[in-house]
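Me: Could you take a close look at one part of this model, the place where the two chains meet, and describe it in one connected account?

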Amino acid sequence: MEHVVEHGPAFAWLRVGLAPGETIQAEAGAMVRRDVGVGMDTRLNAGYAAGFFRKIMAFFVALVRKMLGGETLFVNTFTGPASGSSEVVLAPSLSGQIVHHKLDGRTQLIVQAGSYLASTGSIDTKLRWGGLRMLLSREGLFLLECTGQGDLFITSYGDIIPVQVDGDYVVDTGHMVAYEGNLDFTVGGAGGGLKGLFLSGEGLVMTFRGTGTLYLQSRNVQGLVGWLTPMLR
Amino acid sequence: MQINIKYRPTFALAEVQLQPGEMVRAESGAMVSMSSHVQVSTDATMGGKGGLLGMLKRATLGGESFFTNRFTAAGAPGEVTLAPTLAGDMVVHELTADHALFIQGSSFVACQDGISLDTKFQGMKGFFSGENLFFLKATGDGPVVLNAFGGIETLDLDGELVVDTGHVVAFTSGLDYTVTKASKGWIDSFLSGEGLVLNFSGRGRLWLQSRNPGAYGKTVGALLPARKE
């Protein structure tokens with residue numbers, strides 16, 4: 001599938017060209033423009049479900065993903081027409097960058113739930129609980145395990161910075177977008193005990209251990225929320 | 001009048017150089033800086049009837065309030081710099097008598113005085129209730145400065161295209177449009193999150209922005225504490 005990211009790194013959008021019958025799935029509301037021949041179908045964000053009972057289950061899974069993971073309840077699938085122009089442009093709602101990640105069926109990418117934009121092929125996303133301590137930090141609370149084969153597109157608030165980890169690495173929870181490889185993490189305060197947790201203004205951090213690649217974003221949504229909140233009257 | 005757009009594409013600023021006596025009309029609040037001898041007058045009757053009271057009513061009760069200021073370089077060349085509220089790119093379009101320009105409300109920055117801006121033209125009102133958008137119709141001769149939320153894409157369209165309404169900056173009168181729901185059914189359209197889309201056809205120029213202000217507002221708004229009534 002032809003794809004190009006334009007207007008990055010601050011206001012990136014994704015332009016794709018679909019072969020006849022080729023599909024791309026995107027979070028609801030992401031479409032900017034599409035050629036008239038491109039088909040658009042809407043379905044629940046819970047994997048492919050057939051049969052009545054499975055559809056009910058799919059609805060509940062999608063609802064949980066929306067309420068807890070901040071993902072959209074529905075996803076849209078765009079299909080390339082048999083002939084004619086087949087372009088679709090997708091954009092996330094916040095400002096920032098979009099990166100393409102190819103999954104080959106053998107590896108997985110763990111993505112912060114709000115950072116999923118679109119995917120193709122057999123890529124499946126499984127919602128994973130980030131751990132009890134993550135409850136205190138609104139971001140990164142739910143992670144998506146992306147597996148399968150195809151093209152995956154993730155977004156960031158700000159620019160995306162890849163970091164090669166070999167050993168230990170500490171990241172602010174709000175700045176973590178995705179990671180892959182042989183990495184594990186623990187969540188805790190940045191240092192300075194309880195006083196440090198509340199007074200340093202740093203919130204929670206994730207300490208990654210192992211070997212792999214970590215993707216960070218250069219801005220923090222909770223920072224924006226904290227800045228805007230006192231301005232509301 | 002010379003207009004130079006600086007600091008593209010993310011935090012663009014328009015620098016307008018005026019000859020003596022020349023006037024530029026800009027959206028209220030857009031002025032960043034100006035030469036000390038530039039005179040400002042506020043256009044209080046823009047956008048409808050009712051005089052001062054009508055204007056105040058529209059401003060406080062919401063709805064389409066669109067106000068402009070006129071900047072004149074008195075006696076000597078002068079400069080005015082203008083910036084929109086939203087972060088993103090800006091572009092200048094030379095409007096000519098052979099076409100009209102339809103501009104999304106939050107995308108108008110400025111135009112040469114003499115260009116006529118109409119907020120009450122037939123056809124657009126009512127379609128966008130719920131989307132919180134309104135369009136201006138610009139006709140005349142001279143430069144028009146447009147801004148985008150995010151990056152700007154300039155398309156010279158000859159054919160058809162389906163576009164999300166919140167991503168439209170402006171389009172020329174050669175394009176016909178119909179407003180439709182995004183998906184096949186009403187429930188699907190609501191659930192798909194796409195809302196209303198514009199189906200453009202014909203020949204003309206279309207400018208799109210890479211972010212949707214309504215979607216950005218909803219996403220951030222959902223994270224903010226509830227307002228106290």
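Reply: What follows describes the interface between chain B and chain A.

This is a predicted model, in which local features need pLDDT of at least 70 and side-chain atom pairs count only at pLDDT 80 or more, while totals for chains, interfaces and linings use all residues. Residues are numbered from 1 along each chain as its sequence is written, chains are lettered from A in the order in which they are written, and side-chain values use heavy atoms, with hydrogens and water left out.

The contact (heavy atoms within 4.5 Å) takes 37 residues from chain B and 35 residues from chain A. The buried area, that is, the accessible area (1.4 Å probe) that two parts lose on being put together, summed over both, is about 3100 Å² between these chains, and carbon and sulfur atoms give 62% of that area.

There is 1 salt bridge between chain B and chain A, a term that stands for a side-chain nitrogen of Lys or Arg within 4 Å of a carboxyl oxygen of Asp or Glu. Its partners are Glu153(B) and Arg33(A), whose closest N and O atoms are 2.9 Å apart.

On the side of chain B that touches chain A, the elements that give two or more residues are β14 (152-164), α2 (186-192), β17 (196-209) and α3 (213-221), where helices (H or I, at least four residues) and strands (E, at least two) are DSSP runs, numbered from the N terminus. The largest share of this side, 8 residues, comes from β14(B).

Strand β14(B) also pairs with strand β4 (residues 31-34) of chain A, in the antiparallel sense and over 2 bridges, pairing being assigned if DSSP finds at least two bridges between two strands. Within β14(B), Val163(B) is the bridge partner of Arg33(A).
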